[in-house]
There are 4 protein chains.
Amino acid sequence: MFTHDTTLRVRYGETDQMGYVYYGTYPLYFEVGRVEALRSLGFPYRAIEEQGVMLPVHDMQVKYHKPARYDDALTIRTTIRTMPGVRIIFDYQVLDANGTLLTEASTTLVFVDRATGRPRMAMQELMDALAPYFT
Amino acid sequence: MFTHDTTLRVRYGETDQMGYVYYGTYPLYFEVGRVEALRSLGFPYRAIEEQGVMLPVHDMQVKYHKPARYDDALTIRTTIRTMPGVRIIFDYQVLDANGTLLTEASTTLVFVDRATGRPRMAMQELMDALAPYFT
Amino acid sequence: MFTHDTTLRVRYGETDQMGYVYYGTYPLYFEVGRVEALRSLGFPYRAIEEQGVMLPVHDMQVKYHKPARYDDALTIRTTIRTMPGVRIIFDYQVLDANGTLLTEASTTLVFVDRATGRPRMAMQELMDALAPYFT
Amino acid sequence: MFTHDTTLRVRYGETDQMGYVYYGTYPLYFEVGRVEALRSLGFPYRAIEEQGVMLPVHDMQVKYHKPARYDDALTIRTTIRTMPGVRIIFDYQVLDANGTLLTEASTTLVFVDRATGRPRMAMQELMDALAPYFT
């Protein structure tokens with residue numbers, strides 16, 4: 001399995017009047033997590049799109065355990081547990097500065113050929129880059 | 001079961017460069033759906049908070065079937081399938097103008113007493129308002 | 001001059017922990033205002049883009065007089081005071097349900113030919129539709 | 001005058017279907033700029049609020065010169081040109097990785113006593129921290 005950590009700081013506009021991070025802000029954080037995970041493997045998401053491949057989100061599950069607050073320095077821990085095929089599954093843990101688990105989530109994304117609009121296999125180079133983590 | 005429809009129009013800022021509604025925009029749409037469902041029952045969410053009750057989201061599941069696009073007039077169909085207790089579950093269907101199902105989701109929210117920070121039962125008045133739909 | 005009113009309701013996710021609508025939410029409201037103003041003239045913004053014309057924002061000025069709050073039913077009053085040429089200027093007033101002025105703003109947008117990336121004149125049909133308001 | 005640079009990376013959800021950063025995303029970036037500028041002076045914004053002081057935005061002016069795009073690494077250059085009193089003015093420049101100026105802006109914020117809701121002078125400690133930059 002492959003795991004990558006990235007950190008970000010909660011913006012004021014991402015809170016709501018409960019004083020917590022709005023529940024709809026987290027998908028942006030998960031996006032940051034998976035984009036930075038792919039970048040660390042040598043696959044900037046921008047380069048993936050420039051190859052004519054899109055990665056729309058197919059489904060998402062989120063469990064909100066504890067609230068995050070304004071200005072918190074959060075760690076987004078992104079994990080790939082299975083080799084991608086037509087789909088790639090990212091799991092996420094959002095941790096505060098003490099390592100407390102605030103939120104858990106999972107998203108499934110589909111590799112789509114932009115020209116045809118049809119699903120396709122993950123790029124071979126991505127599978128090659130991930131293979132060492134699954135032996 | 002109780003069902004309520006509300007409509008909204010996709011804003012430009014809610015799209016992303018794929019030309020679709022960003023996957024992280026939908027939680028805002030679900031919020032509109034459940035808030036309008038509660039309002040139709042006589043419970044503006046603002047009034048709930050003014051009674052000292054918060055309703056944070058505990059978990060969310062989303063299936064993205066087809067993309068929504070800029071300026072689409074979407075129907076958010078919100079359904080309550082079981083009587084609330086400490087928790088209330090809202091199911092959502094996002095439909096386009098032709099009635100095609102674009103997205104399905106479910107969220108569980110928890111009634112929390114703001115003063116104590118502890119879970120509490122749904123307000124009796126809300127259960128009274130819902131009761132006729134579950135007989 | 002041409003004026004058009006549209007209404008919207010403040011979403012929870014649009015507030016921040018001050019309990020007000022986040023200052024960065026208003027540009028979304030202005031977008032709703034000008035899009036609905038153009039629609040009322042017979043120019044859905046989607047149709048403008050489908051003609052190969054983009055309308056990026058060139059500049060924006062905002063004065064925040066009084067805060068808007070969650071669930072407020074706001075009126076976005078959008079005014080075009082001068083006939084468009086290469087640019088079109090929209091002025092906005094955000095009013096609460098009592099008609100109190102909360103926010104004032106102005107944005108200048110530029111008509112751009114998507115194929116060439118260069119500024120161009122407003123569509124003749126739009127100028128024809130606006131002309132009766134400027135005689 | 002006091003200047004502080006901070007960097008951030010454009011998120012996918014911050015773009016729109018033109019393929020640019022949505023014009024309404026920039027106020028979030030300006031917020032990051034001024035918050036990090038204040039932090040560098042020893043004033044985390046969270047600590048300011050914990051002292052019972054709010055800093056709502058009074059007005060904003062933005063000039064959009066060139067578009068920013070997905071995944072761009074942007075520098076937010078925040079400048080305080082005059083000593084704060086009841087108000088504090090932040091100027092911003094958004095630069096791309098080549099140092100090209102994409103966006104310029106200015107915001108005026110007001111120091112407000114949360115208890116009374118009335119404007120007040122900037123904290124003496126903040127003026128002391130800024131004084132060396134204005135001699």
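**Close-up 1. Helix 1 of chain A is largely enclosed by the rest of the structure, because 13 of its 15 residues are buried.** A residue counts as buried if 20 or more other C-beta atoms, placed from the backbone, lie within 10 Å of its own. Helices here are DSSP runs of H or I with at least four residues, and strands are E runs of at least two, numbered from the N terminus. The model is predicted, and local features need pLDDT of at least 70, side-chain atom pairs count only at pLDDT 80 or more, and totals for chains, interfaces and linings use all residues. Residues are numbered from 1 along each chain as its sequence is written, while chains are lettered from A and ligands numbered from 1 in the order in which they are written. The helix covers residues 26-40 and is followed by A:Gly42, whose phi is positive, near 95 degrees.

**Close-up 2. The side chains of strand 4 of chain D (residues 73-80) alternate between two faces.**

**Close-up 3. Strand 4 of chain D pairs with strand 1 (residues 2-9) of chain D in the antiparallel sense, over eight bridges.** Two strands pair if DSSP finds at least two bridges between them. Within this pairing, D:Thr7 has D:Thr75 as its bridge partner.

**Close-up 4. Strand 4 of chain D also runs antiparallel to strand 5 (residues 87-95) of chain D, joined to it by five bridges.** Here D:Arg77 stands opposite D:Gln93, and a hairpin of six residues links the two strands.

Definitions and conventions
A residue is buried if 20 or more other C-beta atoms lie within 10 Å of its own, exposed if 12 or fewer, and partly exposed in between; C-beta atoms are placed from the backbone. The expected span of a helix is 1.5 Å times one less than its number of residues.
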